[in-house]
Amino acid sequence: MRVKTCVFIFILLFTALFSSNAHAYIGPGAGFAVAGSFLALFTALISALFILLTWPLRYLLRALRYRRVFALSKVRRVVIVGLDGMDYTLTQRFLSEGKLPNFALLRDRGAFKPLESTVPPISPVAWSSFQTGTNPGKHNIFDFLTRDRRSYAPRLSSTEIKAPTRWLRLGKYRFALGSADIRLLRKAVPFWKTLGQHGIFSSIIRVPITFPVEKFYGVQLAAMCAPDLRGTQGMFSFYTTASESEQVDEGGEIVRVKRQGNTIRADLIGPENPRLKEAQVMRCPFELSVVDATSARLRIGGRTVLLKQNEYSDWIEARFKAAFGATISGICRFLLLNVEPEIKLYVTPINIDPDKPAMPISHPPIYATYLSKRQGRFATLGLAEDSWALNQKLINDDQFLDQCHQSDDEREKMFFDSLDKVTRGLCVCVFDGTDRVQHTFWRQLDQTHPCHQGAYVPPEHSAIEEIYQRADALLGKVMARCEGNGSVLMVISDHGFNAFRRGVDLNYWLEQNGYLKLKENGRNRRNLSGVDWSQTRAFALGLTGIYLNLKNRESKGIVDPKSEAASLREEIARKLQELVDPKTNEPAVKRVYNAWKVYDGPFKNDAPDLIVGYHLGYRASWETAIGRVTDRLFHDNLKAWSGDHCIDHSLVPGIFFCNKKINDETPRLMDIGPTVLEMFGIKAPAHMDGRALSVALEKG
Amino acid sequence: MDFLLSVVSGLNSASNAVGGLVFFWIARVPGELSITIISAIIGVLLLILFKYTSNQKAIGRVRDEINAELLAIKLFKDSLRVTFVSQARLFWGSLKLLAYSLIPMLIMIVPVSLVLAQLGLWYQARAFRIGEPITVKLQLNRSFDDLTALELEPAPGFETVVGPVRVFSKKEVYWKLRALAGGEHRLVFRVGDTAYEKRVAVGASLMRLSRKRPSSQFLDALLHPLETPLPPASTVRAIELFYPSRDSKICGTNYWIIYFFVVSMVFAFVFKPILKVRI
């Protein structure tokens with residue numbers, strides 16, 4: 001350090017002495033740099049001056065406009081840490097074992113309660129209720145997936161992306177006259193929008209179901225359901241020189257490549273080229289040259305990176321050329337899995353580049369760029385942790401955990417930056433690691449899980465315990481930042497967790513009970529394409545929903561909504577609640593909810609008619625989720641994805657910690673929004689179903 | 001100092017030889033065109049030099065920090081605290097950027113000075129026309145009292161109009177001559193027993209002009225590379241000719257260097273993303 005300082009001073013003196021002469025022109029390159037640094041300084045000074053001059057006026061206007069809120073506000077700042085899927089029972093257990101000291105401290109100073117989730121307790125539904133303070137009947141999110149009313153095919157429930165409709169065509173090229181229509185299907189108003197209307201600034205980081213982002217007074221980074229660059233929910237790539245090996249059925253693709261000496265050449269597959277009339281995907285070529293038995297050199301886009309076996313690369317930019325002067329930029333990580341005898345290379349889904357986002361992943365749009373400049377590139381895909389690759393056994397447990405930890409680390413940086421920036425207002429950040437790790441490592445807690453196939457090997461370390469302890473360490477840092485500045489801190493989760501041992505093929509059950517009819521050769525076809533709609537009265541899609549094939553709602557509906565629907569709902573619900581797994585003699589379903597009774601609001605007609613609340617250990621089968629009717633009712637779950645929460649909501653409550661005491665025994669996720677509004681002196685809008693918790697009613 | 005001078009002389013010899021080869025075509029094309037082409041090429045070459053002599057990774061990192069602070073000011077504009085903190089970080093970032101550009105700046109000074117000196121030979125002035133008055137200045141190292149004799153030898157292509165005129169306080173001697181014939185000539189000054197030569201160019205065409213036979217000072221020798229510097233112990237310090245200004249808003253006296261600066265910057269800017277240089 002001392003040497004560096006001396007060198008620096010010497011250079012400075014040398015330049016000062018010799019640069020006095022006007023002839024010491026230093027050339028465009030360095031001239032640029034000098035000019036650039038002064039330009040940055042000059043720009044900053046001008047903007048500072050402008051802000052300083054206008055600040056009193058803006059402050060006065062805000063104070064006048066929002067004087068009532070400022071006067072009634074009981075807090076300066078509310079900080080909400082979302083730990084997706086953190087389970088109440090497991091947290092209690094780790095607390096009693098003394099493994100979560102910071103959570104214990106928070107519990108002792110304030111409160112620790114179970115947090116009631118939604119029906120169904122699925123992240124998109126639950127987080128939508130959190131942000132809007134409403135039941136699903138008002139925010140229109142009932143599952144990850146819903147059905148297309150015309151084709152019955154599954155589609156994402158939260159987002160709709162439509163290409164531009166008007167084009168100018170020139171030869172083989174076309175140019176959009178207008179932009180793509182990217183629509184958020186979640187309805188109702190997030191409570192931070194209401195806060196903004198009253199002059200309270202919010203920083204909302206990675207709260208699920210916020211893509212595309214909405215405008216409000218604050219900053220926001222989108223999360224769950226934000227697509228990758230190809231528009232999917234995450235499509236990994238696996239390059240191998242092996243001729244016969246891994247197979248992939250979901251979430252990714254295997255590319256077989258030829259080895260030429262020590263080198264393989266291949267392309268990253270990008271989105272479809274929007275400039276070409278003929279559909280054609282864009283490609284980004286890369287080359288991988290073996291260096292030795294454990295490393296290889298990657299060349300991509302003029303950059304060279306040394307890949308070491310079993311180590312993820314940093315985020316690497318992949319540029320896809322659409323036409324002359326038009327490129328789309330994405331980012332991905334490479335993981336060299338094997339060099340000899342066969343090369344195996346895993347590439348994460350190509351995320352939207354936050355530095356130059358191709359889609360609206362943040363509000364304002366420059367917020368993603370700001371974060372990228374501040375901390376380097378980061379995952380932008382909604383489900384950033386690639387559990388598909390783990391399920392297919394293309395990456396191992398440690399490599400998947402690495403992804404989870406890296407994602408959480410990235411998020412921690414952005415969250416702490418927001419805590420530094422926002423000293424008055426709302427800061428929310430949701431961390432996904434707890435959810436992903438419990439989904440994929442519940443098998444470590446469950447010796448009888450079918451995925452062990454009778455050969456359970458106790459793990460060297462518990463990934464779930466580790467992720468809870470990481471959450472505890474994070475909490476410690478957050479608590480330190482909330483100390484003595486009037487911040488109210490809440491830690492919440494959207495649901496808990498439990499085992500997923502057996503999958504139930506609901507469509508098979510519906511078929512067996514005469515509610516669903518398959519076409520000839522219709523079995524095992526995806527997207528419900530094998531169903532004979534003219535004879536089908538009910539069908540299942542997604543993780544918990546059963547839809548009636550209602551007339552005037554579904555395109556080929558046969559059930560009369562007035563005369564038949566109500567009794568059919570009752571009948572199916574009653575029968576389904578009697579379902580017993582012959583292998584275990586245990587009931588598979590705890591309760592079936594009639595959407596028309598549990599939901600309230602203008603969108604309940606779009607909901608599945610029945611919501612299945614499974615018992616512990618059960619869930620909709622993988623096949624049911626994507627509309628494939630198999631030939632048996634129960635399926636052993638052999639995947640690494642061994643834990644789940646898509647069961648009865650009473651069995652998987654979330655957690656609620658607060659640094660203030662609360663009297664409410666059963667807080668609900670949808671109560672958080674009204675509580676925060678009340679703390680800031682704002683009356684919750686009438687459409688909200690949640691109620692302010694007692695903590696909001698106390699004086700600050 | 002002798003060592004520095006010999007280094008500069010060596011560099012000058014090399015740059016004169018290379019400059020003669022590389023820039024010979026300047027005499028054959030319009031000045032506006034040649035200066036534009038040269039500025040563009042040098043702008044790009046220096047950009048490449050900057051790329052490989054600077055710490056691109058560190059510069060990129062600081063650039064990102066600076067951009068982040070600029071965006072922070074915009075994103076959190078209602079927070080005075082954020083604004084002030086970002087301002088301070090911006091200031092620090094600018095200093096760091098400046099520090100990172102010092103090394104390449106120092107490395108570039110050498111080639112850029114040599115190139116500019118070579119271009120100065122072409123663009124800083126024009127040759128004398130036949131019949132045009134020529135002012136010659138001889139700068140002495142000693143006072144006139146120590147001199148036994150000082151004269152300008154008669155040259156075939158010139159006639160002396162006025163001189164020698166001595167300025168005792170400045171130790172300078174002036175002559176006013178008139179050119180009678182075109183071409184490259186030599187003026188010979190005799191001081192005591194020693195003869196000192198100075199080149200003179202007369203004619204209408206473009207040519208390399210040495211305005212000064214430089215002294216033994218480092219910078220003087222660097223900026224006037226075409227003639228060998230006079231030794232430090234010599235009676236005569238320097239001999240200077242006052243060539244007329246080259247008349248052009250782009251490639252003329254006092255303008256060419258500005259034009260060079262602007263055009264080289266523009267081309268460097270244009271090629272910056274193509275060559276992936278962070279500055």
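Start by selecting the contact between the two chains: 52 residues of chain B and 47 residues of chain A take part, counting heavy atoms within 4.5 Å as contact. Keep in mind that this is a predicted model, where local features need pLDDT of at least 70, side-chain atom pairs count only at pLDDT 80 or more, and totals for chains, interfaces and linings use all residues. For finding your way, residues are numbered from 1 along each chain as its sequence is written, chains are lettered from A in the order in which they are written, and side-chain values use heavy atoms, with hydrogens and water left out.

Now colour the interface by atom type. About 4400 Å² is buried between chain B and chain A, 77% of it on carbon and sulfur atoms; buried area here is the accessible area (1.4 Å probe) that the two parts lose on being put together, summed over both. On the chain B side, pick B:Leu75, B:Phe76 and B:Asp78, which lose the most area to chain A and together make up 15% of what that side buries.

Stay on B:Asp78 and show side chains. B:Asp78 forms a salt bridge with A:Arg58, at 2.6 Å from N to O. Three salt bridges are counted between chain B and chain A, each a side-chain nitrogen of Lys or Arg within 4 Å of a carboxyl oxygen of Asp or Glu.

Next, switch to cartoon and look at the face of chain B that touches chain A. The elements giving two or more residues to that side are α2 (31–53), α3 (56–75), α4 (80–123), α5 (218–223) and α6 (256–275) of chain B; helices are DSSP runs of H or I with at least four residues, strands are runs of E with at least two, and both are numbered from the N terminus. The largest share, 22 residues, comes from α4(B).

Move over to chain A for a sheet. Zoom in on β13(A): two bridges join it to β14 (residues 263–272) of chain A in the antiparallel sense, and A:Arg259 has A:Ile264 as its bridge partner in β14(A).

Last stop: helix α9 (residues 366–375) of chain A. Select A:Tyr367 and A:Tyr370, which are three residues apart in α9 and so separated by about one helical turn.

Methods: Pairing = 2+ DSSP bridges.
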